[in-house]
Amino acid sequence: MTTYKRNDGRKLDETRPIKMKVGVLKHADGSALVSIGKTVALAAVYGPRELNPRHMQESDRAILQCNYTMAPFSTKERVRPGPSRRSTEISKVTREALEPALFLKDFPKTTIDLYIVILQANAGTRTAGINAASLALADAGIQMRDLVTSIAAGKIEGHYVIDLNGEEEELTDCDLPIAYMPREKKFTLIQMDGKITKEDMKNVIKLAVKGCETLYEHQRKALLEKWSKEGFE
Amino acid sequence: MNIQTSYIISHLSKGMRLDGRKPDEHRKIEIEIGPIEQAEGSARVKLGGTEVIAGVKLEVKEPFSDTPNEGVLMVNTELSPVASPEFELGPPRETAIELARIVDRGIRESHCINTEKLCIKVGEKVWMVMVDIQPLSHEGNLIDASGIAAIAALMTAKMVKYDEAGDKVIYEKTDESVPLDDIPVPVTFGIIDGKLIVDPTLEEEESMDGRLTITTNEAGDVCAMQKGGACSLTFELIEQAAEMSIKKGKEIRELIRQSL
């Protein structure tokens, strides 16, 4: 079998260049900027804070509210502002990918508000958003079971590849994004578009897990960079 | 944990469910073809006490600029108050949108609709296949009921005529079917106490930690997946679900065929 050459010269199991920084916003309680290749995601966290209207409050826990937005200038064709079916669904799965990592019972009647803005989009925006959101939550000092990491993998011309870029998304047999808690070894997001066999599916997931472990190191480094400077361990 | 949840979990540890089913058993599935004469294709599906109608309508539209020679598929769901006192009027919220998108993804990614055959004039006119799902009764697992209804409706849908000169659709059914090459079937699992239950009821949905939907096709390939709910799951559980969804999907596909 000939080896598949990726159009950007990466190895099959190599992610695009990753940059992560926390504490990038002045007014948010926690924030993070994550770029993976040309995709750039910004996340801001507020709270836990009082939730209004009060009928939305849960008496025994905090709620997590999550909003995913693409900036109008983030893609080739302008994105129309306001919620779309796609962004509504991504907001929901993102929230459900992060909730398992939080101790919401510690903050009854409050809300943790999470805003994700995709500043530039070139594939993998939901996964970049989750990576940024998880960092922002940690940066806000909110206790977590584990950091949530997220990446997609696929299969192109018979080869399993990680972190698809825009061109590769057109070529792949499947696009399978996951979110994963590396220390807990648990999946918190699974979606898939495409058509592959059960065996392929398992292998693609295993490859994505490897990518998540790499991202985990980047996340830890980003947090240490800010917080060790300010005298925390 | 409330009493109902602990009750469900304690029964599940003995392999039992409240309605007497086994963990890998669906409720009774009934499929009625063509209840809506006006629609190009329709199906009414009962999954125990859950009931939905799916209808297919065809329209002629301009294709998307990136696929000028392909017809367009759209799946839409509205959770109307007729199906449950929990549903409210108004624009679709995230539950309805997610439901429609899970069904949509299964159909789209299996490539069961031959969209190139739906092209009338490249770059100008293509058929748009609209699948609308109307739940009539919500007693859990709207996803599978909707997915089965949608594909059954598509399988029986007939093309209508298009008057090119007058640029309008003449809603007279022809003998030609909507071009379909595959039968994707979604199977949804409730995840509760680290275990999988097929086709959760409303009671089980209220108690479960989350769900996983896997859509498979005729060849036994996986064509879409979606996890829902604030839970986390292990690799082994995903593996187990994939295995079961292929087996269950096959049974349901047979049932759809028999109903035609």
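Predicted model: local features only at pLDDT ≥ 70, side-chain atom pairs only at ≥ 80, totals over all residues.
**Chain A**

Chain A contains four helices and nine strands, and along the sequence these elements follow the pattern β-β-β-β-α-β-α-β-β-α-β-β-α. For 233 residues a compact globule would have a radius of gyration near 17 Å, and the 18 Å of chain A agrees with that expectation. The C-alpha atoms, taken along the principal axes, fill a box of roughly 60 × 40 × 35 Å. Of the 233 residues, 49% count as buried, and among contacts in chain A with a separation of 6 or more, 71% are accounted for by residues 24 or more positions apart.

**Where chain A touches chain B**

In this interface, 26 residues of chain A are in contact with 29 residues of chain B. Helix 1 (85-98), strand 9 (186-196) and helix 4 (198-229) of chain A each supply at least two residues of the side that touches chain B, and strand 9 gives the most, with 11 residues. The classes of the residues on that side of chain A are as follows.

| Class | Residues of chain A |
|---|---|
| Nonpolar | nine residues |
| Polar | five residues |

**Helix 5 of chain B**

Helix 5 (residues 235-259) of chain B has 25 residues, which at 1.5 Å a residue should span 36 Å, and its end C-alpha atoms are 36 Å apart, in agreement. Buried residues in this helix include Ile238(B), Ala241(B), Ile246(B), Lys248(B) and Ile256(B).

Terms used:
Residues numbered from 1 in each chain as written. Chains lettered and ligands numbered in written order. Rg over C-alpha atoms; globule rule 2.2 N^0.38 Å. Buried ≥ 20, exposed ≤ 12 C-beta atoms within 10 Å, placed from the backbone. Contact = placed C-beta atoms within 7 Å. Expected span 1.5 Å × (residues − 1). Nonpolar A, V, L, I, M, F, W, Y, C, P; charged D, E, K, R; others polar.
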